[in-house]
Amino acid sequence: QVQLVESGGGLVEPGESLRLSCDASGSIFSVNAMGWYRQAPGKQRELVASMTSGKTNYADSVKGRFAISRDNAKNTVYLQMNSLKPEDTAVYYCHALITKAHSMDVTYSYWGRGTQVTVSS
């Protein structure tokens, strides 16, 4: 089995920073892509940032403020969030495309359970 576990969410004031982490564990052969999505109350889940083969992609609303990075040795992805705004308030979900150790001809999509980020004064 494969699990994604997020950490690092919390309550911060506008302008402050947070760093989210997501650890992938289990029967993993390779992690092909990792990313972060978010879902605010009453809204659809949206892509925040992703990283595939070293290439990054960001939502326009977070460009210049958020940065995604990976530690490939640990199968961990990070999201550094700076200059946070109230509109960044959401549940942040980690996503990964993973090839499993005993099923290397298939790519599986996994989601974490999410971590709450609240930006409020």
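Thr115 is buried, with a relative accessible area of 11% (buried means under 20% relative accessible area, exposed over 50%, and partly exposed in between, using a 1.4 Å probe and protein chains only). This threonine sits in strand 11, residues 115–119; strands here are DSSP runs of E of at least two residues, helices are runs of H or I of at least four, and both are numbered from the N terminus. The side chain of Thr115 reaches over to the backbone nitrogen of Gly9, at 3.3 Å. That falls under polar contacts: pairs of N or O atoms within 3.5 Å, where within protein one atom must be able to donate a hydrogen and the other to accept it, and residues adjacent in sequence count only if both atoms are side-chain atoms. Leaving out residues up to four places away in sequence, Thr115 touches Glu6, Gly8, Gly9, Leu20, Ala90, Val91 and Tyr92, contact being heavy atoms within 4.5 Å.

A word on the model itself: it is predicted, with local features needing pLDDT of at least 70 and side-chain atom pairs counting only at pLDDT 80 or more, while totals for chains, interfaces and linings use all residues. Residues are numbered from 1 along each chain as its sequence is written, and side-chain values use heavy atoms, with hydrogens and water left out.

On to the cysteines. The structure holds one disulfide, meaning a pair of cysteine sulfur atoms within 2.5 Å. Cys22 and Cys94 make it, with their sulfur atoms 2.1 Å apart. The bond ties together distant parts of the chain, as Cys22 lies in strand 3 (residues 18–26) and Cys94 in strand 9 (residues 90–100), 72 residues apart. The torsion about the S-S bond of Cys22 and Cys94 is about -85 degrees, so the disulfide is left-handed. Both Cys22 and Cys94 are buried.

Next come the charged side chains. There are four salt bridges in the structure, where a salt bridge is a side-chain nitrogen of Lys or Arg within 4 Å of a carboxyl oxygen of Asp or Glu. Asp88 shows up in a salt bridge with Arg38, at 3.0 Å from N to O. Asp88 is buried at a relative accessible area of 1%, and Arg65 counts as buried at 10%. Arg38 is buried as well. Arg38, Glu46, Arg65 and Asp88 are linked in a network of salt bridges. Lys63 and Asp60 also form a salt bridge, with their closest N and O atoms 3.1 Å apart; both of these residues are exposed.

As for the strands, four of them form an open sheet in the order 1-3-8-7, with antiparallel pairing. Two strands pair if DSSP finds at least two bridges between them. The edges are strand 1 (2–7) and strand 7, each pairing on one side only. From one strand to the next, the twist averages 15 degrees, with axes being lines fitted to C-alpha atoms (for helices, over the stretch in contact) and angles running from 0 to 180 degrees between N-to-C directions. Strand 7 and strand 8 run antiparallel and are joined by six bridges. Ser69 has Tyr78, in strand 8, as its bridge partner.

Most residues other than glycine have a negative phi. Ser53, however, has a positive phi of about 50 degrees. Ser53 is in the loop between strand 5 (46–52) and strand 6 and is exposed, with a relative accessible area of 71%. Ser83 likewise has a positive phi, near 50 degrees. Ser83 is placed in the loop between strand 8 and strand 9 and is partly exposed, at a relative accessible area of 39%.

Finally, Phe29 is in strand 4 and counts as exposed at 55% relative accessibility. Apart from neighbours within four places in sequence, Phe29 is in contact with Thr99, Lys100, Ala101 and Met104. Phe29 and Gly114 are 85 residues apart in sequence and 24 Å apart in space, C-alpha to C-alpha.
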